[in-house]
Structures are given as structure tokens and as C-alpha cells.
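The sequence and structure come first.

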Amino acid sequence: MKQFDLEVPETAHKISSDSWFQVSFVLTTSINSAYVLGYSGTVMVPLGWIGGVVGLLLATAISLYANSLIANLHEFGGKRHIRYRDLAGFIYGKKMYRVTWGLQYVNLFMINCGFIILAGSALKAVYVLFRDDSVMKLPHFIAIAGVVCAIFAVGIPYLSALGIWLGVSTILSMIYIVVAIVLSVKDGVNKPSRDYTIQGSSVDKIFTITGAAASLVFAFNTGMLPEIQATVKQPVVKNMMKALYLQFTAGALPLYAVTFIGYWAYGSSTSTYLMDSVSGPLWVKALANISAFLQSVISLHIFASPTYEFMDTKYGTKGGSPLALKNILFRTATRGSYIAVSTLLSALLPFLGDFMSLTGAISTFPLTFILANHMYLVAMDSELSSVQKLWHWLNVCFFGLMSLASAIAAVRLISVDSKNFHVFADV
């Protein structure tokens, strides 16, 4: 095949500096972020026991496969592709370079909006525990969350600099996951019966089930695997595969536990933010919500890092310490503006489940499944048998149809919610 020689800028961030174990913590942090508190309501409630369990297991296997395809193309053609768009541009050309960057930007931007909504929701949950009034509303807490995210973004110059924060993130994750599981088990034992039927009319069920499928793929996929792989030490493919295997085995267990136990405890009445459903001591719930808030701040930084890398590489001052005043001022202006726009959109339309479905539909499906299979098909064309080629084409067509159907379902969900809630809603 013909490779297209594009001018790829050198990154202003560090590469090849992290062990596979540290990279696995980045990946595990991404799937066990505070989003896990939403999967009982956004995945299990629309799909039920059989659909939810089977769907989550299939999503795990399919996601591992798709990510492994991308990981194995990291050094394709004798070049290291440290950005998703660089790999697509090398295989397809300049036009696909731009399309991939656009898809990835939308994907990461919407994920980050979701994190800000999550962080704001967690802060509001703490407030409601101790104040029975409506003085402070969700948009106020979203604004506070945005400010904290911006401060953190300025202080951490690049992805590899997270270091100790990945350990902090893991501890925070374990706090809200363990609290959610323990309180859910307590409520489930004390509650004699639950309704596990899928609610709504036949038409509603079709749309909610389709939307839940998009949330399934959203759970496991970063949409920035080459950027994460860029930070790992040589041998990059072997080390990345180690990190992926850890992510999709031991790393996925907390997600499974909180998702299934939460749904078992509350059935079809499970909230889209599980901590809103549980009952227990105020201080325990407050601790879990504060942990979810802080972990969302760290997770947002991971998913915003490709955007930060682009701004730093293209517009940043060259050379000098990341902690130099000129570099701090640059990050304050650029990252602060990015977070400000994300925060404004999050406050305008704070519908978390809809964000997950729409993000999965319009960007996660194309980036992680359609593009991964097609890139591998084109790149390895001469080495694949006819059966292997057919397999990849079937994946491209299937996930293309799923992306279209999920996008329609997600837009419908947002349309319905927009009728029920005004902008800057106190959801």
C-alpha cells in the first residue's frame, strides 16, 4: 500500500518515559472513573439482566480486540505514530488526517463535558446531604467543578506528569466504588422486591436499548490510544499490550461489580448516578461523592491531554521548564479557555446519560471500531487472508450501522429530555 508522507510536528510533551504498569493505571483510571456510577442506570436499566450482562461482556471483548489493532499499528511503516490523526494520515492521507482529528476532538470534548457534569453532580450530592434548600443549583456546582479542573490543568503540564496522581486516582476510585457497592448491598438485602422489567413502550424500548449500546462501547474506549501509547517505553507494542490486558481483566472487575450490584439493588428505578439511589450514613455518602468529584478532575485531564498537547505544540513557547512563568501563563490562557467552553456547555445541557450515548454514537463507534478495523485492513492488506479481510469488512459495516442507529437514538433522548428540562437545569 502507499503511505502518505505528512509533515508531523514534534510534540512539546514527553514521550517514551513511562513503564507499561504506569500506562495501565492511566487506562484503568479511564474505565473506573466516576462514570462507573452511571452504568447501572444507563446500561442495565435499558437492557435488563440478560442484555446488560451479555452486552457488557461482549463490549469488553470487542473493545480489547479493537484497541489491540490500534496498538499493533503504532510503529507501522517504520515510524512511530504518537497521535491518532498521525496514524490515520499516514495510512489514508491529509483529508483523513483532518477527519480523524475532528472526530477525536469531538469525542474527547464531549467526554470532558461529561466529567464536568459528573463532578458538579457529585458536589451537588454533597450539598444536598447537609442543606435542604435550593439556594445552590447544579449549574453552580458545575461552574465550581470547571474552575477546579482548570486549576489542575494548569498545574500538570503533560500526561506523563500525572505520576503520583494516578495512585491518588486509584484510591479515590476504590473509595466511591466500595461505598457504592456496600451501601447498595445493604439496601438490596433490606428491600424485599425489585422490578427488573424494561420500562416504556415498544418504540421507547428500541431507542433506549440502542442508546444503551452506545453507552456500552463508551465505557471501555478512550479514543486516544496512540497518545497514551506514546508515553510508554520501548518495546511500545509489547508494553502496550501488557497494559491493555491488565485494563480489560483486573481493571474491569470494579466496573462490573458496581454496575451489576447497583442494578441488583434497585432494579429499573436505579438512578443514572448511583449515589443518588443509595442510603446510608451522611458522612460515608459525602466521602464517596467528594472522591467522585476529585477523581473526575484527574480523569478529565487524561482525556483533555491530546487537546492540550496540540495547543502546546502548535502555539506554545518553545523550550524552558514547564513551570516557567511564561509557560504557566500560556497554559492558564489556553486550557482555561478550553475548560470554560466545556463548563458552559455542561451547565447548559447537564444530561449525563445522553452525553454518554451521543458520544458513543458519533465518535467512539467511528474512532475505536470502524476506523480501527479499516485502518488495520488497509495497512495489513497483503498479509491478510480472504477470510480475515471479510471479517474486518463485516466489522466496519456492522459498527457503521450501529453508529448511525445509536446517533438517532441519542438525539431522540436529548430531544425528549430537552422538553422536560430547560437550559441550566437543576437536574
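The crossing of helix 5 and helix 11 is right-handed; a crossing is right-handed if the near helix is turned clockwise from the far one by less than a right angle, and left-handed if anticlockwise. This is a predicted model, in which local features need pLDDT of at least 70 and side-chain atom pairs count only at pLDDT 80 or more, while totals for chains, interfaces and linings use all residues. Residues are numbered from 1 along each chain as its sequence is written, and side-chain values use heavy atoms, with hydrogens and water left out. Helices are DSSP runs (H or I, at least four residues), numbered from the N terminus.

**Helix 5 and helix 11**

- The axes of helix 5 (residues 138-155) and helix 11 (residues 282-315) come within 9 Å and cross at roughly 55°; axes are lines fitted to C-alpha atoms, for helices over the stretch in contact, and angles run from 0 to 180 degrees between N-to-C directions.
- That angle makes helix 5 oblique to helix 11 (under 35 degrees counts as roughly parallel, over 145 as roughly antiparallel, 65 to 115 as roughly perpendicular and the rest as oblique).
- On the helix 5 side, the contact (heavy atoms within 4.5 Å) is made by Ala 145, Val 148, Cys 149, Phe 152 and Ala 153.
- Helix 11 contributes Phe 293, Val 297, Ile 298, Leu 300, His 301 and Tyr 308 to this contact.

- Gly 51 and Leu 404 are 353 residues apart in sequence and 20 Å apart in space, C-alpha to C-alpha.
- Helix 2 and helix 9 pack at an angle of about 170°, with their axes 10 Å apart, which makes helix 2 roughly antiparallel to helix 9.
- The crossing of helix 2 and helix 9 is right-handed, and the residues in contact include Thr 60, Ser 63 and Leu 64 of helix 2 and Val 237, Met 240 and Met 241 of helix 9.

- Helix 3 (residues 84-92) is mostly covered, with eight of its nine residues buried; among them are Tyr 84, Arg 85, Asp 86 and Phe 90.
- The peptide bond from Gln 234 to Pro 235 is cis, with omega near -5°, and Pro 235 lies in the loop between helix 8 (225-229) and helix 9 (236-248).

**Two buried residues**

- Ser 169 sits in helix 6 (residues 164-190) and counts as buried at 0% relative accessibility.
- Leaving aside residues up to four places away in sequence, Ser 169 touches Thr 29, Gln 295 and Ile 298.
- Tyr 256 belongs to helix 10 (residues 253-266) and counts as buried at 13% relative accessibility.
- With residues up to four places away in sequence not counted, Tyr 256 touches Leu 56, Leu 57, Thr 60 and Phe 220.

Terms used: Buried means under 20% relative accessible area, exposed over 50%, partly exposed in between (1.4 Å probe, protein chains only).
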